[in-house]
Amino acid sequence: MREKLIYLFSAIAAVLLAWDLYRVFMVLPDEANQGAIYRIIYFHVPAAMTSLLGFFVAMVCSALYLITRNLRFDSVAAAVTEVGVVFAAVNLVTGSIWGRIIWGIWWTWDARLTSMLVCWLLYAGYLMLRRAIDEPTQRARLSAVLSIFAFVDVIIVWKSIEWWRTQHPGPVLSIRNGGGMAPGMESPLWWNVLAMALVATSLVLLRMRQEGIRREIDALRRYAHAL
Amino acid sequence: MDTRNFTFMFYGFLAAWIIVLGYVVSIAMRESRLRKELDRVRQMIEGREK
């Protein structure tokens, strides 16, 4: 069942991405002020949304682990966090390249950029913490606590463009009352959000399968020690 | 400016794909390593049980 879902989600994501790339490059015109470079938004924003959504799921699963002590929730949290960190890296790198053209600089310590970098570092730290602890229940408990605390920064990232007016543009999308994009330019972005979410879900399912193998190895090792 | 603008857009898309594809490759390598480790632990247990 899991394998079928991985193939299904990947196939839908591939079709959506191909269709969206065609629209972004062949149909949409250049933006009046930014020219061609504005098209980075079609990867930059969906990658951010995918990663932040992933960190939210990780926070929920971490809380559920602390309540139920079921290691499956820990596996989901670990898988979703890892995939979230990858998409957060896509967001940071594409934003930096975009900033180089629009602002003339690769990086600035603006509220949104800094909070997103801190977010990436926190969740990268979560993954390093997991590698450093061998005992599964201790690893799950400590990483769940870190995941819940780290989520505070996700809220700061989301609200930073409203709370502080620094270099990064304010809300642009219509769901945040931004109104900064023409409707024809906004819809491909939402389709790309869906496509990236499907890619991320496939990757999470793959990682969960690996976490299952890892749990089996841990159990067999404990059994081997008992022999 | 326009050429540079277009070039950097290309770099942006390329960087995004490289990061995602690099991660997919790392997942595939990890899967193969985990399966080998699982086989090794199973063989070790079979050896001890005999």
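## A tour of chains A and B

Select chain A: it has six helices and zero strands. This is a predicted model. From the N terminus on, the elements read α-α-α-α-α-α. Along the principal axes, the C-alpha atoms of chain A fill a box of roughly 70 × 40 × 25 Å. Of its 227 residues, 37% are buried.

**Stop 1: helix α1 of chain A**

Select residues 2-27 of chain A. This is α1(A), with 26 residues. From first C-alpha to last, α1(A) reaches 36 Å, close to the 38 Å expected at 1.5 Å a residue. Colour A:Phe9, A:Leu16 and A:Asp20, which are buried in α1(A). What covers the buried residues of this helix? The cover includes α2 and α6 of chain A.

**Stop 2: A:Ala195**

Move on to α6(A), residues 183-226, and pick A:Ala195 within it. Is A:Ala195 buried or exposed? A:Ala195 counts as buried, because 24 C-beta neighbours lie inside 10 Å and the cut-off for burial is 20 or more. Beyond its neighbours within four places in sequence, A:Ala195 is in contact with A:Ala13, A:Leu16, A:Leu17 and A:Asp20. Draw a distance from A:Ala195 to A:Asp20. The two are 175 residues apart along the chain, yet their C-alpha atoms are separated by 9.1 Å.

**Stop 3: helix α2 of chain A**

Select residues 41-68 of chain A. These 28 residues form α2(A), and at 1.5 Å a residue they should span 40 Å. The end C-alpha atoms are 40 Å apart, which agrees. Step off the end of the helix to A:Arg69, which follows α2(A). The phi of A:Arg69 is positive, near 60°.

**Stop 4: A:Gly84**

Go to A:Gly84 in helix α3 of chain A. With 26 other C-beta atoms within 10 Å, A:Gly84 is buried. Which residues touch A:Gly84, leaving aside its neighbours within four places in sequence? They are A:Ser51, A:Gly54, A:Phe55, A:Ala58 and A:Tyr123. Then draw a line from A:Gly84 to A:Ala124. It runs 9.8 Å, C-alpha to C-alpha, between residues 40 apart in sequence.

**Stop 5**

Select residues 111-132 of chain A for α4(A). Its 22 residues should span 32 Å at 1.5 Å a residue, and the end C-alpha atoms are 31 Å apart, which agrees. Colour the buried residues of α4(A): A:Arg112, A:Leu113, A:Ser115, A:Met116, A:Cys119, A:Leu122, A:Tyr123 and A:Tyr126. Their cover includes α2, α3 (71-102) and α5 (136-163) of chain A.

How do α4(A) and α5(A) pack? Their axes are 9 Å apart, at an angle of about 170°. Angles over 145 count as roughly antiparallel, so α4(A) is roughly antiparallel to α5(A). On the α4(A) side, the contact includes A:Ala111, A:Val118, A:Leu129 and A:Arg130. On the α5(A) side, look for residues including A:Arg139, A:Leu142, A:Leu146, A:Ala150, A:Val154, A:Val157 and A:Ile161. By class, this contact has 15 nonpolar, four polar and four charged residues.

**Stop 6: chain B**

The C-alpha trace of chain B spans about 75 × 5 × 5 Å along its principal axes. Buried residues make up 8% of the 50 in chain B.

**Stop 7: where the chains meet**

Bring chain A back. The contact takes 27 residues from chain B and 29 from chain A. The chain B side divides into 16 nonpolar, two polar and nine charged residues.

Now zoom in on α3(A) and on α1(B), residues 2-49. They pack at an angle of about 170°, with their axes 9 Å apart. That makes α3(A) roughly antiparallel to α1(B). From α3(A), select residues including A:Val86, A:Val90, A:Val93, A:Ile97 and A:Trp98. In α1(B), the partners include B:Phe8, B:Tyr11, B:Ala15, B:Ile19 and B:Tyr23. The contact of these two helices has 14 nonpolar, three polar and two charged residues.

Technical notes:
Residues numbered from 1 in each chain as written. Chains lettered and ligands numbered in written order. Predicted model: local features only at pLDDT ≥ 70, side-chain atom pairs only at ≥ 80, totals over all residues. Contact = placed C-beta atoms within 7 Å. Nonpolar A, V, L, I, M, F, W, Y, C, P; charged D, E, K, R; others polar. Helix = DSSP H or I, 4+ residues; strand = E, 2+ residues; numbered from the N terminus. Expected span 1.5 Å × (residues − 1). Buried ≥ 20, exposed ≤ 12 C-beta atoms within 10 Å, placed from the backbone. Axes fitted to C-alpha atoms, helices over the stretch in contact; angles between N-to-C directions. Parallel < 35°, antiparallel > 145°, perpendicular 65-115°, else oblique.
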